[in-house]
Protein chains: 6
Amino acid sequence: MRPSGRTASQIRPVTITRNFTCHAEGSVLVEFGNTKVICNATVEEGVPRFMKGQGKGWITAEYSMLPRSTHTRSAREAARGKQGGRTLEIQRLIARSLRAAVDLSMLGENTITIDCDVIQADGGTRTASITGACVALVDALSHMRTKGLIKTNPLKHMIAALSVGVYQGNAISDLEYIEDSEAETDMNVVMTDTGKLIEVQGTAEGEPFTFEEMHEMLELAKHGLRELFDIQKAALN
Amino acid sequence: MRPSGRTASQIRPVTITRNFTCHAEGSVLVEFGNTKVICNATVEEGVPRFMKGQGKGWITAEYSMLPRSTHTRSAREAARGKQGGRTLEIQRLIARSLRAAVDLSMLGENTITIDCDVIQADGGTRTASITGACVALVDALSHMRTKGLIKTNPLKHMIAALSVGVYQGNAISDLEYIEDSEAETDMNVVMTDTGKLIEVQGTAEGEPFTFEEMHEMLELAKHGLRELFDIQKAALN
Amino acid sequence: MRPSGRTASQIRPVTITRNFTCHAEGSVLVEFGNTKVICNATVEEGVPRFMKGQGKGWITAEYSMLPRSTHTRSAREAARGKQGGRTLEIQRLIARSLRAAVDLSMLGENTITIDCDVIQADGGTRTASITGACVALVDALSHMRTKGLIKTNPLKHMIAALSVGVYQGNAISDLEYIEDSEAETDMNVVMTDTGKLIEVQGTAEGEPFTFEEMHEMLELAKHGLRELFDIQKAALN
Amino acid sequence: MRPSGRTASQIRPVTITRNFTCHAEGSVLVEFGNTKVICNATVEEGVPRFMKGQGKGWITAEYSMLPRSTHTRSAREAARGKQGGRTLEIQRLIARSLRAAVDLSMLGENTITIDCDVIQADGGTRTASITGACVALVDALSHMRTKGLIKTNPLKHMIAALSVGVYQGNAISDLEYIEDSEAETDMNVVMTDTGKLIEVQGTAEGEPFTFEEMHEMLELAKHGLRELFDIQKAALN
Amino acid sequence: MRPSGRTASQIRPVTITRNFTCHAEGSVLVEFGNTKVICNATVEEGVPRFMKGQGKGWITAEYSMLPRSTHTRSAREAARGKQGGRTLEIQRLIARSLRAAVDLSMLGENTITIDCDVIQADGGTRTASITGACVALVDALSHMRTKGLIKTNPLKHMIAALSVGVYQGNAISDLEYIEDSEAETDMNVVMTDTGKLIEVQGTAEGEPFTFEEMHEMLELAKHGLRELFDIQKAALN
Amino acid sequence: MRPSGRTASQIRPVTITRNFTCHAEGSVLVEFGNTKVICNATVEEGVPRFMKGQGKGWITAEYSMLPRSTHTRSAREAARGKQGGRTLEIQRLIARSLRAAVDLSMLGENTITIDCDVIQADGGTRTASITGACVALVDALSHMRTKGLIKTNPLKHMIAALSVGVYQGNAISDLEYIEDSEAETDMNVVMTDTGKLIEVQGTAEGEPFTFEEMHEMLELAKHGLRELFDIQKAALN
């Protein structure tokens with residue numbers, strides 16, 4: 001029924017490769033099927049001006065797609081001179097989600113910047129970014145402990161994200177591009193490995209959705225996210 | 001318990017003033033307590049380039065806050081030279097929601113632009129904007145019928161929006177600024193008057209929220225939105 | 001003879017509403033007929049870099065029109081990414097005029113920013129802005145004295161502004177849009193309530209004007225401005 | 001009394017050099033004492049979009065100062081990424097003034113762009129620009145007649161511009177920088193050689209000015225402008 | 001003597017991986033030691049405006065570094081709102097070089113855009129980009145022939161690029177970052193596989209270089225480039 | 001054979017006028033035939049942030065062409081809101097070349113900014129800029145010694161620049177526009193008066209060039225540059 005032959009609740013093969021590039025304090029290549037994102041975590045001393053003097057740290061994120069990560073080439077944002085609304089929305093989501101995973105008061109006045117660069121896109125780039133970024137973040141925190149920048153682990157819980165949706169009347173999990181572009185509803189769920197919610201963003205692309213469909217999508221997300229937490233943990237061991 | 005003395009499910013006094021300014025095809029001043037937004041709907045012939053030749057119409061939106069609509073002055077985006085991420089995110093939400101209310105194929109190749117300008121802010125500006133904008137949209141559609149631009153009413157259903165959240169451990173409805181700034185979770189719900197969902201955006205500002213809290217917030221939203229639909233209808237009669 | 005039936009020297013009904021919004025230190029809605037402008041004055045500690053260490057204060061201004069304050073919608077400057085020449089010219093004029101009303105050396109190192117946002121336009125928006133802004137400024141200065149930021153009143157005199165012009169060969173006062181768009185000459189005059197000039201900007205839109213017409217326009221302005229000073233004073237009592 | 005020893009009504013030595021650069025259709029170096037401006041007029045086929053199909057021409061202008069045309073270096077606007085308010089204000093004034101000199105309906109659908117680039121500044125750059133630009137415009141119009149782009153001369157009258165002001169209590173003519181920076185009032189006057197006014201822009205830099213001072217400045221301007229028209233005519237013969 | 005133990009003329013291990021991403025018409029990952037660049041070639045119908053109607057094609061390029069491709073994080077150009085001078089200079093070089101490899105008159109009115117995105121940097125990113133981009137270009141041209149967009153192969157010759165320099169008084173080949181940052185002279189050479197020069201850009205970073213050193217560097221480049229052409233050819237077979 | 005009748009090695013008449021404008025610490029008008037560039041050197045205390053605290057000075061440059069310095073008018077970069085790639089490339093070249101002429105450690109924490117503004121262009125504007133800028137730099141250094149900002153002369157050697165190329169199969173020197181626009185190869189050479197190289201930038205505009213042609217162009221450059229050093233020295237005496 002699904003173009004890929006997957007069942008409604010089946011997610012794509014997911015792989016997480018650590019130390020993908022050599023300079024970043026945390027560097028992950030995350031793949032959800034054909035969607036591939038490089039997540040680099042950079043640790044820098046200091047915090048943005050509005051945070052100064054509070055003794056707390058900060059986590060921020062930037063997101064970008066290579067111009068030809070998509071079927072047709074899209075204009076490079078650096079050349080156009082500004083980041084589009086979709087980009088800003090996604091990087092705000094990634095940063096907010098990661099901040100919810102960490103006790104910022106235990107970071108010292110340091111900033112962690114997560115760069116999520118999509119090198120190949122096939123749906124679900126923002127949820128893949130969050131899932132991979134959390135692993136890069138863990139590596140960056142280990143680096144900080146090794147360097148003595150922090151003494152204890154400020155991670156409160158792992159986070160991961162998954163897209164779910166309503167496609168041809170059925171709730172399905174982990175939409176690839178061909179499904180996403182025709183879905184009636186698209187919903188991104190960010191969850192902790194303790195089973196609580198960080199973000200839920202559901203959008204009716206075509207027809208409005210019922211409270212019942214909302215419930216079904218949330219159940220699918222909860223189920224798929226448990227698999228993602230297992231994959232993250234395997235990668236970190 | 002709530003700073004305003006309201007009960008958990010009680011929304012603020014809401015007023016909708018039509019024909020607020022004289023030039024726009026639809027012009028509404030919407031007030032949710034101290035939050036005040038001017039929603040102007042403009043009808044223009046033609047559609048953006050990517051829509052041309054399909055015989056369909058388009059609805060878009062822009063959102064802005066007057067610099068001193070807030071407690072302290074915030075920089076004017078026109079002077080800074082770009083719209084911030086929050087602004088872009090909100091105006092994308094407003095436009096998407098309004099497009100879900102209308103059958104674009106019945107609009108002809110015309111564009112309706114909704115300008116939501118916040119003149120005073122006290123929490124919930126994006127949900128007030130959507131609620132007021134839908135009334136301005138109805139007036140603009142009437143204008144189009146009067147002018148012969150469309151023959152039948154392309155409105156599929158009314159939409160309205162409400163913010164709900166978790167504040168001091170309890171789910172509450174229609175947060176004002178003082179509550180919003182301390183809420184653990186903030187959720188915006190856009191619904192149709194037929195009881196279906198257009199958008200659900202829930203964010204853990206502090207602690208993650210449970211699936212149960214998510215359910216409670218949705219129930220509060222459903223309840224409050226029914227009141228908003230009554231107020232919209234009263235304003236339109 | 002005039003579209004509105006007004007006599008050559010007759011200004012439109014002018015109303016000044018103080019405390020129009022609730023956050024600004026001075027907040028005025030000024031109306032010259034159908035022209036309506038919100039003038040908010042914000043007091044902030046500190047001065048721009050080029051003023052630092054001189055013990056003096058600063059007054060600046062920003063001006064904007066809501067996109068649909070006009071007959072047809074004009075593009076939002078924040079979305080276009082820059083303020084146009086007309087906007088910059090007008091806000092420079094407003095700021096310069098207000099600075100001429102105040103002894104900056106008595107302000108301390110504080111800045112007052114005046115935001116003039118036109119919500120409905122029908123000619124004369126810049127002169128209405130100055131006239132309303134002066135009242136908002138007075139309220140902001142009172143606020144500063146109440147807060148102990150200043151000890152004495154640094155206001156040197158009230159200022160107000162009026163547009164005059166040559167229309168169908170006759171000098172007229174307070175042009176509305178329909179007159180302004182066809183006037184041969186348009187002149188904006190900023191005056192003190194002591195009868196001296198702050199700014200005179202006369203422009204031949206069509207035909208050059210004679211020194212005699214210049215003289216007539218100045219006389220009309222002087223006359224109309226006296227009325228405006230009375231209206232300002234009534235509003236302040 | 002004046003730093004230069006000039007009398008109140010005495011203007012600086014003015015020279016106008018035609019054909020200053022070799023590519024432009026009209027190219028003038030204008031000097032008012034130490035103020036030196038290159039005025040290049042470019043003729044191009046076509047008009048801006050908002051003028052198309054009306055059979056009329058258009059005249060526009062751009063103004064810039066070389067970074068080190070002034071006592072201390074000012075930042076290059078191209079490097080800063082935008083033109084400042086003063087620049088936009090001046091180039092709007094130059095363009096408006098020149099359009100008032102020409103019957104645009106006789107230009108055909110052609111555009112004349114006047115570039116005024118200040119290579120050395122000592123006060124009065126905008127008035128020198130207008131005075132020189134009018135001569136460059138005349139040469140560009142001759143070029144158009146030679147090329148057959150127009151058949152008759154669309155020039156309605158020559159225009160020239162002069163700054164006057166109140167300095168140490170006295171009205172004076174053609175202020176150089178040292179006077180301008182300390183003047184109480186600064187006024188720019190654009191006039192036709194038929195003795196009518198195109199623009200009057202008077203600004204109280206320090207103290208407000210009286211209607212009487214306004215009158216004196218206008219008389220000084222009228223007198224000095226007659227000399228400028230003689231110099232323009234000599235240059236054109 | 002060299003930090004890596006390489007001889008003066010020894011280049012780093014170079015690998016070229018074709019079909020690195022799945023959407024682009026040509027997609028190459030090129031590695032010069034630790035320098036890694038993704039080169040994607042996109043074929044689009046149409047040419048830029050200045051080329052229209054000539055029946056010829058166009059080749060352009062864009063270059064970017066991931067923020068954390070370097071030792072310390074550099075700001076994302078899309079976030080800063082403009083591409084820096086170094087970026088523009090490099091992408092102009094890449095595009096110019098590739099255009100020299102192709103007979104544009106045989107391309108039809110099509111455009112090939114080469115995106116060079118550096119995912120890890122260790123010196124020589126611009127020369128690696130050109131070397132990899134030429135292979136991606138060959139794949140894109142094959143794609144065009146398969147699709148029937150062109151009938152014959154418009155490639156005139158392969159091109160490749162190499163950096164050479166003077167380091168501690170000796171001419172060396174293929175500088176890595178640690179050498180590049182201390183080199184007295186840095187020179188980039190773009191050559192055809194027929195042994196002719198496309199670009200030579202030599203810069204004295206510290207001390208000026210002699211005509212003799214220039215000659216030695218050119219010889220080293222010629223030698224190393226022959227190896228690169230062999231590697232390109234192996235990759236294409 | 002050459003359009004101007006010059007021999008292959010013959011450069012155009014070159015004149016260098018010092019003290020061309022009155023405010024800059026060094027001000028030169030340099031003319032290579034019809035190419036005319038104003039080179040102004042400005043001395044300012046302080047250095048850019050990345051240089052602070054090292055006790056060294058800095059030299060930077062900016063380059064611009066007046067819109068009508070060329071045959072047809074090109075858009076003003078300040079109006080377009082950004083400097084193009086060609087401009088950035090040229091000003092980086094000028095600055096790099098001049099820094100190679102000076103021992104920055106002897107400048108103190110001062111910055112010299114060289115503004116090269118082309119008022120008339122006929123090929124070779126970047127090489128004329130460098131040649132003239134070096135003379136302006138010498139005057140600025142003299143000024144610094146007079147003012148006591150430096151004690152000894154930090155100039156290591158004079159520099160000058162010349163364009164050479166291959167035109168109709170022959171190497172020629174100092175290309176004017178008509179030659180430049182049709183040349184097969186264009187090469188810019190920056191040299192010291194001690195006969196060493198600072199920059200060599202050769203580009204195949206049409207056909208690739210041989211190593212032999214490269215050699216011939218370098219010889220022509222060396223010869224022409226000796227003449228330029230004589231002209232610089234004559235101007236400085």
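Arg12(A) belongs to the segment before β1 (14-18) and Asp122(A) to the loop between β5 (110-120) and α3 (125-146) of chain A, so the pair ties together parts that are 110 residues apart in sequence. Helices (H or I, at least four residues) and strands (E, at least two) are DSSP runs, numbered from the N terminus.

This is a predicted model, in which local features need pLDDT of at least 70 and side-chain atom pairs count only at pLDDT 80 or more, while totals for chains, interfaces and linings use all residues. Residues are numbered from 1 along each chain as its sequence is written, chains are lettered from A and ligands numbered from 1 in the order in which they are written, and side-chain values use heavy atoms, with hydrogens and water left out.

**Salt bridges within chains**

- Over all chains, the structure holds 108 salt bridges.
- Both partners of the opening pair are buried (under 20% relative accessible area; exposed is over 50%, partly exposed in between, with a 1.4 Å probe and protein chains only): Arg12(A) has a relative accessible area of 5% and Asp122(A) one of 13%.
- A network of salt bridges links Arg2(A), Arg6(A), Arg12(A), Asp122(A), Asp174(A), Glu176(A) and Glu179(A).
- In chain F, Arg6(F) forms a salt bridge with Glu176(F), and their closest N and O atoms are 2.8 Å apart.
- That pair links distant parts of the chain, 170 residues apart: Arg6(F) is in the segment before β1 (14-18), and Glu176(F) is in the loop between β7 and α4 of chain F.
- Arg6(F) counts as buried at 9% relative accessibility, and Glu176(F) counts as buried at 14%.
- The loop that holds Glu176(F) runs between β7 (170-173) and α4 (177-180).
- Neighbours within four places in sequence aside, Glu176(F) is in contact (heavy atoms within 4.5 Å) with Ser4(F), Arg6(F), Arg12(F), Asp122(F) and Gly123(F).

**Chain A with chain B**

- The contact takes 28 residues from chain A and 28 residues from chain B.
- The two chains bury about 2,700 Å² between them, 62% of it on carbon and sulfur atoms; buried area is the accessible area (1.4 Å probe) that two parts lose on being put together, summed over both.
- Glu89(A), Leu197(A) and Phe211(A) supply 25% of the area that chain A buries against chain B, more than any other three residues.
- The rule finds two salt bridges across this interface.
- Glu89(A) also forms a salt bridge with Arg92(B), with the closest N and O atoms 2.7 Å apart.
- Chain A superposes on chain B by a rotation of 180 degrees with 0.0 Å of shift along its axis (RMSD 0.0 Å), by least squares on the C-alpha atoms of residues with pLDDT of at least 70 in both.
- Gln201(A) has the C-alpha nearest that axis in chain A, 2.2 Å from it.
- The copies meet through the same surface, because 100% of the interface residues of chain A are also interface residues in chain B.

**Chain A with chain E**

- Glu25(A) forms a salt bridge with Arg68(E), the closest N and O atoms being 2.7 Å apart.
- That pair crosses between chains, from the loop between β1 and β2 (26-32) of chain A to the loop between β4 (58-65) and α1 (77-80) of chain E.
- Arg68(E) counts as buried at 3% relative accessibility.

**Chains without contact**

- No contact joins chain A and chain D, and their closest C-alpha atoms lie 11 Å apart.
- No contact joins chain C and chain E either, and their closest C-alpha atoms lie 11 Å apart.

**Rings and charges**

- Six aromatic pairs are counted over all chains; rings of Phe, Tyr and Trp (its six-membered ring) pair if their centres lie within 6.5 Å, with planes under 30 degrees apart stacked, over 60 edge-to-face and the rest tilted.
- Phe50(D) and Trp58(D) form an edge-to-face pair, 5.3 Å centre to centre with 85 degrees between the planes.
- Phe50(D) counts as exposed at 55% relative accessibility, whereas Trp58(D) is buried at 16%.
- The charged end of Lys222(C) sits over the ring of Phe211(D), 4.3 Å from its centre; the rule asks for NZ of Lys or CZ of Arg within 6 Å of the ring centre and within 35 degrees of the ring normal.
- Lys222(D) lies over the face of Phe211(C), at 4.3 Å from the ring centre.

Methods: A salt bridge is a side-chain nitrogen of Lys or Arg within 4 Å of a carboxyl oxygen of Asp or Glu.
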